[in-house]
There are 2 protein chains.
Amino acid sequence: MKGLIMDYPLTTNTILEYGNSVYHHKKIITHLPDGTRHEYSFGDMYKRCKKLANALTQKLGIKNGDMVGTFAWNHGPHVELYYGISGIGAVCHTINIRLSSHQIEYIINNSEDKVIFVDATLVPLLEKIAPLLETVEHFVLINAAQDFTTTLPNTLHYEDLIADQSDHFEWPAINENDASGLCYTSGTTGLPKGVLYSHRSTFLHATTIMSPNAGNFSNRDTVLLIVPQFHVMAWGFPYLCLLSGSNMVLPSSNLQPEAIIKILIEEKVNKANGVPTIWLGVYHALKMNPPKEKLALEEYLVGGSALTKSLIQGFEKDFGIKGVQAWGMTETSPLGTVSRLQPLHDSLSEDEKITIRAKQGTAFPGVELRIVTDDGKVAPTDGKTMGELQIKGAWTISSYFKTNNHESFTEDGWFKTGDVSTIDQDGYMEIKDRTKDLIKSGGEWISSVALESALMAHPKIKEAAVIAIPDEKWVEKPLASIVLLNSDDTVSDEELIDFLSREFVKYQIPKDYVYINEVPKTSVGKFDKKEIRRLFAEGKLT
Amino acid sequence: MKGLIMDYPLTTNTILEYGNSVYHHKKIITHLPDGTRHEYSFGDMYKRCKKLANALTQKLGIKNGDMVGTFAWNHGPHVELYYGISGIGAVCHTINIRLSSHQIEYIINNSEDKVIFVDATLVPLLEKIAPLLETVEHFVLINAAQDFTTTLPNTLHYEDLIADQSDHFEWPAINENDASGLCYTSGTTGLPKGVLYSHRSTFLHATTIMSPNAGNFSNRDTVLLIVPQFHVMAWGFPYLCLLSGSNMVLPSSNLQPEAIIKILIEEKVNKANGVPTIWLGVYHALKMNPPKEKLALEEYLVGGSALTKSLIQGFEKDFGIKGVQAWGMTETSPLGTVSRLQPLHDSLSEDEKITIRAKQGTAFPGVELRIVTDDGKVAPTDGKTMGELQIKGAWTISSYFKTNNHESFTEDGWFKTGDVSTIDQDGYMEIKDRTKDLIKSGGEWISSVALESALMAHPKIKEAAVIAIPDEKWVEKPLASIVLLNSDDTVSDEELIDFLSREFVKYQIPKDYVYINEVPKTSVGKFDKKEIRRLFAEGKLT
């Protein structure tokens, strides 16, 4: 028997209309690369979305199901594009500007983008590959001077495009299961793979992240979106801010620690997101030049890679700012878990508490997790049994875009993350490693992530990346590549071995160390272990 | 183009499984009428739901789509019934014990309940009508002694029913649009009408109410569910507590102010729900016997009728407890709006702030509101233009159960609430009156609710209900029925007229007053204006 409830599709239009009707006075603030600051309201943005919708449908001929690309930093017009494009039933494909030229060419052709909206500052990256793009009919320039010159064909200026359009537009009826956004994975192995979000998954993800146990966002917050809009939709924050009525602060390309600190202070930002690399940089910059007044920042949500215990502790002790570990993947919209303490942890020691906060945490409602061991059995939730993390839920992919890769899914419908994890009795998941980064030495598993986290707690170490290297006796053994905080400093291998022996047993501790200037990173700021392995194989890691 | 996201139905089973996997250690505490206290965990409850599911399907032959009634107060087994019944694909019909015998007979026959689960203490109410029930095959007694005797046919004891069942049960696949629960309206006009909730509406309502701008529920909370489970599913709290990991405290029939205060203290309850009548009682009881220590209670969520400014102020000033006004109807699952202050109100005076908090508030994401004036036009959001409040959303009904009542819906798909309201520029809705309770005097509208709220702020007045009575000159005029706080006290009509003249213009102020011992109330604790009008018409209101 059907319930007798209205058919009310969960679409991005619903989010936009809600933001306008209840929070039209809330602000979107952009810090542009030239140092200027732009501020407007949700209500202003709403009207520009409607102008954009008219321009897309009438001037550019975009239809339901068409792909429209964006190649841009975080700023007001990019938020308008999120809503304007999906609002008319088209799909907003946020192109990751940090991919290689070849990858960018591939994903634009693979997605069949008809129009690309591109930041003037990023035009050179597209000019190189423009002749190879098969489907793009127009390039629309954002923040370009009127006399801007480019070799890109069929260009328009964003402001010209929407200037003479009406701010009235009747949204079409959209099925909530239709696609609203497309992101490609960062492609550390092979070509990037497309992940096609639906209106429903976007809405449910944003609604859930608002809740107190998750991101805890309300109309009292001012949120800095450091995670780029070209990276998994900035973790859905442009959607959730409209639902929660949080002011949105957008840094465009200003991602240097000093620039971020300036924005945090000027805009009285109290919440933010970002990968650990960013926060590590901000932490060290704050240590070098401590701010005169306490920052308004209360907490930062971290994902992408693991937040180390030492960074959690440093931020909290030195600046009273809380790091909150979250976990997810492009394939999971992205957020799947968050690690926050509960009353049941109140009696634990500070160290035990940090250990829990450094885990990836508990699943959100709408997300299910399980660990499957090598023998195909579901592992007990004992916090010890390691196996592959598998996930299912209301915002997890069922398939990659235009790709038949059954190997990523189980027969009973779970997505295989490729992470090696445990889940404890209270549901806290901990990633031990990527399947391919786990080190198997003498038949025993060693977690590279655990070693890295421990090494980065050393007072002289800024970054540490651990990979497996071949060993005659043990088949594999760990190699640690170390970046020192102060390049004039030195640290001996023996000192590090001794340091690690407080936490690890002998066979787990690397005997081999290399000291480098910087850990190679992927396009989304994660340690690029594939690159480190390549450098080692070519004898360039010394 | 479809998004490539898993089909993950939003069902009550998802909620139960989530509560068990992440919050199995959280508590459900029941205070039984005999003074005993029962405590168990979400994990314990989960196992009993599975036993119940086995019993329902195998012992009682309940099938997908069957109706199963409950006739019970708030307690652990009643929560188990919510999940166990809807979990197998049947529909949980929570029968309002406060309806008249005739209405109860009508709704049981109308819904075609196959089994009714009934509290031992409530059996007498059913015994009277049992011979008239056409579809009920079994009565299952909850909390009944083994030697309990009853004239009800085919009885079983709840604990016996589930005792020998397995706590393993594979939930069937359920379409999220299928019915999960049935509630009848309280029927102040005509026969009660059935409202059939879906799994999806139940899930989305609960998820949304968790968010900081709404109910703000987390795993740090201990929540007292004063709203009966037989009244709009206790406002969805048995669902949201499992999603948010909040401890659930259930008072069974202990709804006297002193009993509630005892529970608040003993269980360190920090959040609660309830109708204004309950909170008015609690407030006066606290004033009479101020607690030795500050209560843990931080805020109470109120709906059903308007929270008066004087009660908001009294609770806050005297006990530091915040009253939060919400609004909804059985037809809207029920919660549609809540009134909380935002940063934009920070600079207002205390009085202006209270005025906003006494409004019904802003819509939740997933809910849309509009005001339609007598001429059929959508009113501007100016906070002044009155008209009928209409609502649509993801948990609003599309039709009543087994009833063709097109008059409750507009042609473009909105539900007509029958409330006369305004919406201001910030989206705050304020109910001025029920359409039928509005007084039209000399061609001008007078709001009975506004008069009642003002009168109840008078220090000598406990309750005030205002109705329209016929008048030769003005067609209608207001009559105020007054309950004094202290029955030995007196107050003159002139004193009240003078008191009201500070807020109202002359034509709005009642000239007629009657002093009564108690305002008649509906089955859900609202002022029963139909009954007051009847008493007046029969000359019994003096």
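Let me start with a term: buried means under 20% relative accessible area, exposed means over 50%, and partly exposed is in between, using a 1.4 Å probe on protein chains only. With that in hand, E430(A) is partly exposed, at a relative accessible area of 23%. Its side chain pairs with K432(A) in a salt bridge, and the closest N and O atoms are 3.4 Å apart. By salt bridge I mean a side-chain nitrogen of Lys or Arg within 4 Å of a carboxyl oxygen of Asp or Glu.

A quick word on ground rules, everyone. This is a predicted model, where local features need pLDDT of at least 70, side-chain atom pairs count only at pLDDT 80 or more, and totals for chains, interfaces and linings use all residues. Residues are numbered from 1 along each chain as its sequence is written, chains are lettered from A and ligands numbered from 1 in the order in which they are written, and side-chain values use heavy atoms, with hydrogens and water left out.

Back to the charges. Over all chains the count is 63 salt bridges. One of them joins K477(A) to D512(A), with 3.2 Å between the closest N and O atoms. That pair links distant parts of the chain, since K477(A) lies in strand β24 (residues 475-484) and D512(A) in strand β25 (residues 512-515), 35 residues apart. Helices (H or I, at least four residues) and strands (E, at least two) are DSSP runs here, numbered from the N terminus. Both partners are partly exposed: K477(A) has 22% relative accessible area, and D512(A) has 24%.

Those two residues sit inside a region that a record names. UniProt, in an unreviewed entry, places the domain "AMP-binding enzyme C-terminal" at residues 451-526 of chain A; its positions are given in the numbering used here, feature names are shortened, and annotations may be inferred rather than shown by experiment. That stretch is 17% helix and 33% strand, and its end C-alpha atoms are 16 Å apart.

Now, what separates E531(A) and R534(A) in helix α16? They are three residues apart in that helix (residues 529-537), so about one helical turn lies between them.

Leaving out residues up to four places away in sequence, F117(A) touches, among others, L52(A), V68(A), I142(A) and Y158(A); contact means heavy atoms within 4.5 Å.

In chain B, T70(B) is found in strand β3 (residues 67-71). T70(B) is buried, at 0% relative accessible area. Beyond four places in sequence, its contacts include H78(B), C92(B) and F117(B).

Finally, the interface. How many residues does each chain bring to the contact? Chain B gives 72 residues and chain A gives 72 residues. Together they bury about 5,600 Å², 57% of it on carbon and sulfur atoms; buried area is the accessible area (1.4 Å probe) that two parts lose on being put together, summed over both. Six salt bridges run between chain B and chain A. Among them is R200(A) with E176(B), at 2.6 Å between the closest N and O atoms.
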